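Subject: Structure handover

Hello,

Here is the structure you are taking over, with notes on what was found in it. Please keep it open while you read.

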Amino acid sequence: MKSIEDLIKKATELKSEGLSEGQISEELNVSRETVTWLLTHAERATVPGPKDISVDWSMIGRSAYRLSHIAQALSEMIFDLLDEKELDIDMVVGVALSGVPLASMVANHMGVGLAVYMPTKQMASQDVKPHGNLSTNFADVNGRECVIVDDVITSGRTLEEAVAYLDDHGARTNVIAVLIDKRGVDSIAGVPVCSLLKVIRVN
């Protein structure tokens, strides 16, 4: 996306295709509050937009070669943090949707299992309150030492949810690893965070 107008157009298109605001936030790498603003206030501009940063990492994501090299760099950072904290790993948990390709390659580089967490924001149900879950097509996490891998930290809510879910299902989360941390945090839910890029606001 090159401008706010592009973001508005894309958010509107995704909404017309039936995506929820949580799914749109995942696609655009912005907060749900920003999606709401893009869909309702942006054109009128009477309400100032939320403080957020749109992240477009599609030049990495569209190339398995580039993604593999990014995953290798992230894997090295994870190993460094695990060594520093004297922790172990035997499972990488990818957060759907955008975290899964990266998590798959990180798991391969690290020689460990792969699980996939489907967060609440990916669920669209009118009948029941949605909740996150692990995909049964991938590994079980019970009794495992885990690293959660995602693409971007925006608010941190999805990762807090994933840590709580893993804890409730007998796993221990030792590290959270992301491409880009838009909050500039050292930990989420008591779990250390490593990121390739960290955004720190100065205003």
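The largest cavity holds about 210 Å³ of space. A cavity is found on a 1 Å grid over the protein atoms alone, as a set of points where a 1.4 Å probe fits but cannot get out. Grid points are joined across faces, edges and corners, and a volume is the space filled by probe spheres set on the points. The structure has 1 cavity of 30 Å³ or more.

Before going on, two notes on the source. This is a predicted model, in which local features need pLDDT of at least 70 and side-chain atom pairs count only at pLDDT 80 or more, while totals for chains, interfaces and linings use all residues. Residues are numbered from 1 along each chain as its sequence is written, and side-chain values use heavy atoms, with hydrogens and water left out.

The cavity

Lining residues have an atom within 4 Å of a point. The largest cavity has 17 of them, and Lys-121, Val-152, Thr-154, Ser-155 and Thr-158 lie nearest its centre. At least two lining residues come from each of helix 2, strand 4 and helix 7 (157-168). Helices (H or I, at least four residues) and strands (E, at least two) are DSSP runs, numbered from the N terminus. Strand 4 gives the largest share of this lining, 4 residues. By class, the lining of the largest cavity has 4 nonpolar, 7 polar and 6 charged residues. Here Ala, Val, Leu, Ile, Met, Phe, Trp, Tyr, Cys and Pro count as nonpolar, Asp, Glu, Lys and Arg as charged, and the others, Gly among them, as polar.

The pocket

A pocket is an open set of points with protein on both sides within 12 Å along at least five of seven lines. The largest pocket has a volume of about 330 Å³. Its lining has 19 residues, with Glu-27, Asn-29, Trp-57, Ser-58 and Ser-98 nearest the centre. Helix 1 (4-16), helix 2 (21-28) and helix 4 (58-61) each give two or more residues to that lining, and the largest share, 3 residues, is from helix 2. The lining of the largest pocket divides into 8 nonpolar, 5 polar and 6 charged residues.

Asn-29 is in the loop between helix 2 and helix 3. Although Asn-29 is not a glycine, it has a positive phi of about 55°.

Helices 2 and 3

The axes of helix 2 and helix 3 (residues 32-40) come within 9 Å and cross at roughly 100°. Axes are lines fitted to C-alpha atoms, for helices over the stretch in contact, and angles run from 0 to 180 degrees between N-to-C directions. Helix 2 is therefore roughly perpendicular to helix 3 (65 to 115 degrees). In this contact (heavy atoms within 4.5 Å), helix 2 uses Glu-21, Gly-22, Ile-24, Ser-25 and Leu-28, and helix 3 uses Arg-32, Val-35, Thr-36, Leu-38 and Leu-39.

An open sheet of 7 strands has the order 3-2-1-4-5-7-6, with mixed pairing. Two strands pair if DSSP finds at least two bridges between them. Strand 3 (133-134) and strand 6 (187-188) are at the edges with a single partner strand each, so one side of each has no neighbour in the sheet. Strand 1 (residues 91-95) and strand 4 (residues 145-153) run parallel and are joined by 4 bridges.

The peptide bond from Ala-96 to Leu-97 is cis, with omega near 15°. Leu-97 is in the loop between strand 1 and helix 6.

Regards

How values were computed: Parallel < 35°, antiparallel > 145°, perpendicular 65-115°, else oblique.
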